[in-house]
Amino acid sequence: MPVDILVGTQWGDEGKGKLIDVLTRDVDMVVRFQGGNNAGHTVEIGSEKYVLHLVPSGIFRPGVQCLIGNGVVVDPIGLMQEMQDLARRGIDVAGVELSNRAHLIFEYHKRADALRESGAGAMKIGTTKRGIGPAYADKAHRCGIRGIALTEPERLERLFREQAAKYNRLFVEAGIDPLDIDAEWLKVAEAARYLAPYVGDTVVSINEAIRAGKKILCEGAQGGLLDIDHGTYPFVTSSNTVAGGACTGAGIAPRHVGDVWGVLKAYTTRVGEGPFPTELFDQAGETLRQVGREFGATTGRPRRCGWFDAVAAGYSCMISGVNKLAITKLDVLDQLPELGICTAYEVDGVQTPYFPASTEALAKAKPVYEWLPGWQCSTEDVSCWEDLPENARRYLQRLAELVRAEIAIVSVGPRRDQTFEV
Ligand code: IMP
């Protein structure tokens with residue numbers, strides 16, 4: 001059975017956690033393949049609300065195996081706390097498997113992230129300060145520490161102390177407090193003891209599941225426009241967030257890939273710095289933020305909000321090969337009288353339907369809008385396509401046409417039942 005991949009198609013926060021939770025109804029295994037605890041996937045089940053940062057969103061379905069793949073960067077202390085919190089709330093975490101090849105994030109990575117941001121001036125990225133960039137940099141520098149070390153305490157201690165001492169020299173040079181290595185090691189050692197039984201060869205587990213005909217879903221974090229290669233560089237995260245990232249980040253050969261689900265928010269948001277052509281600074285933007293509760297799940301930061309950008313989302317869907325769309329947060333648009341859709345950019349007086357590689361060009365791109373009438377009634381209780389107001393259907397169809405994929409799911413609220421198939 002082919003492996004399906006689900007990715008965000010904008011700048012993250014499209015509602016992937018909820019969709020994964022819905023799609024895992026009939027899935028055997030869910031695999032995270034990139035990013036780390038910079039992600040915050042919100043899932044609401046009944047009156048309970050959960051925010052997951054590292055554990056795959058399939059965890060709420062008993063019997064679904066949840067894997068953290070080799071392409072993820074893992075804060076062991078954060079993962080331990082997340083798993084302990086879930087267990088306290090009655091969620092079974094026994095089936096979680098953490099890749100022995102996944103790179104680990106330590107306190108020194110977080111400090112290095114914050115240090116870089118504090119001195120970056122105009123090049124500040126607005127990171128989540130979770131140490132994501134420095135951990136991936138260590139991986140590329142070939143001095144990272146991997147999941148396997150959690151099962152070898154002596155080796156882990158030696159590697160951790162060596163790296164921490166190296167970072168401390170940088171911190172002292174930069175005039176900030178060095179890490180208390182002994183104190184930090186005790187926390188790491190505790191997390192290692194807790195996590196060691198969960199460490200395994202996820203690549204083998206995944207490929208055995210493929211051979212056994214199991215149904216597998218790969219869960220992307222962030223969104224295509226934050227991809228390190230294809231996003232708004234340098235205002236991106238440090239991993240490949242597009243669907244191709246699942247092949248390297250989970251050890252899945254491309255020939256096993258089936259459907260690519262693209263999660264698309266019915267408008268656009270972005271957290272952190274970087275160009276955002278359709279950003280709104282007026283009342284419509286504030287309405288999107290308040291009605292859509294657009295505040296970061298990881299950092300609580302207010303999200304920047306704007307009209308749907310079909311140039312950006314279309315480009316992202318193209319790179320990921322999205323064939324099935326899950327459009328989320330339609331209900332947030334319920335009361336707006338008219339809705340803008342950006343279909344092209346104007347850069348230096350020239351119109352283009354393409355997403356420019358140049359961040360400078362993107363920063364000065366003026367969106368060319370097409371305006372569609374709103375529906376000005378509630379869609380929160382709608383449970384099938386036919387019951388949507390006609391203007392809402394027209395709006396959704398136009399989005400799908402512009403990004404060249406088919407609508408498979410529409411979501412009209414945060415709860416599991418506020419989702420229907422098309
Ligand atoms: P980092 O991933 O913490 O290095 O942050 C790099 C950029 O990605 C910043 O603009 C963050 O706000 C953004 N980012 C990282 N994770 C997420 C996410 O899960 N949702 C939305 N934006 C994110």
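This is a predicted model: local features need pLDDT of at least 70, side-chain atom pairs count only at pLDDT 80 or more; totals for chains, interfaces and linings use all residues.
A polar contact is a pair of N or O atoms within 3.5 Å.

**Ligand site**

- The ligand has 15 residues around it, and those that come nearest are Asp13, Asn38, Thr128, Thr237 and Arg301.
- By class, the shell around the ligand holds six nonpolar residues, seven polar ones and two charged ones.
- Threonine 237 places a side-chain N or O atom 2.6 Å from an oxygen atom of the ligand.
- Glycine 126 takes part through its backbone, where an N or O atom lies 3.3 Å from an oxygen atom of the ligand.
- The protein buries 96% of the 470 Å² that the ligand exposes when taken alone.

**Backbone features**

- Aspartate 13, listed above among the residues that come nearest to the ligand, has a positive phi, near 60 degrees, and is a residue other than glycine.
- Aspartate 13 sits in the loop that runs between strand 1 (3-8) and helix 1 (16-23).
- A cis peptide bond joins tyrosine 233 to proline 234, and its omega is near 5 degrees.
- Proline 234 belongs to the loop between strand 10 (216-219) and helix 8 (245-250).

**Helix packing**

- Two packed helices are described by the angle between their axes and the distance between the axes.
- For helix 3 (residues 107-118) and helix 5 (residues 153-173), the packing angle is about 20 degrees and the axes are 10 Å apart.
- Angles under 35 degrees count as roughly parallel, so helix 3 is roughly parallel to helix 5.
- The crossing of helix 3 past helix 5 is left-handed.
- Helix 2 (residues 76-88) and helix 6 (residues 181-195) cross at roughly 50 degrees, and their axes come within 9 Å.
- That pair, helix 2 and helix 6, is therefore oblique.
- Helix 2 also passes helix 6 in a left-handed crossing.

Methods: Residues are numbered from 1 along each chain as its sequence is written. Side-chain values use heavy atoms; hydrogens and water are left out. A residue is near a molecule or strand if one of its heavy atoms lies within 4 Å of it. A polar contact is a pair of N or O atoms within 3.5 Å; within protein, one must be able to donate a hydrogen and the other to accept it, and residues adjacent in sequence count only if both atoms are side-chain atoms. Accessible areas come from the Shrake-Rupley method with a 1.4 Å probe; for residues, only the protein chains shown count as cover. Ala, Val, Leu, Ile, Met, Phe, Trp, Tyr, Cys and Pro count as nonpolar, Asp, Glu, Lys and Arg as charged, and the others, Gly among them, as polar. Axes are lines fitted to C-alpha atoms, for helices over the stretch in contact, and angles run from 0 to 180 degrees between N-to-C directions. Helices (H or I, at least four residues) and strands (E, at least two) are DSSP runs, numbered from the N terminus. Angles under 35 degrees count as roughly parallel, over 145 as roughly antiparallel, 65 to 115 as roughly perpendicular and the rest as oblique. A crossing is left-handed if the near helix is turned anticlockwise from the far one by less than a right angle, and right-handed if clockwise.
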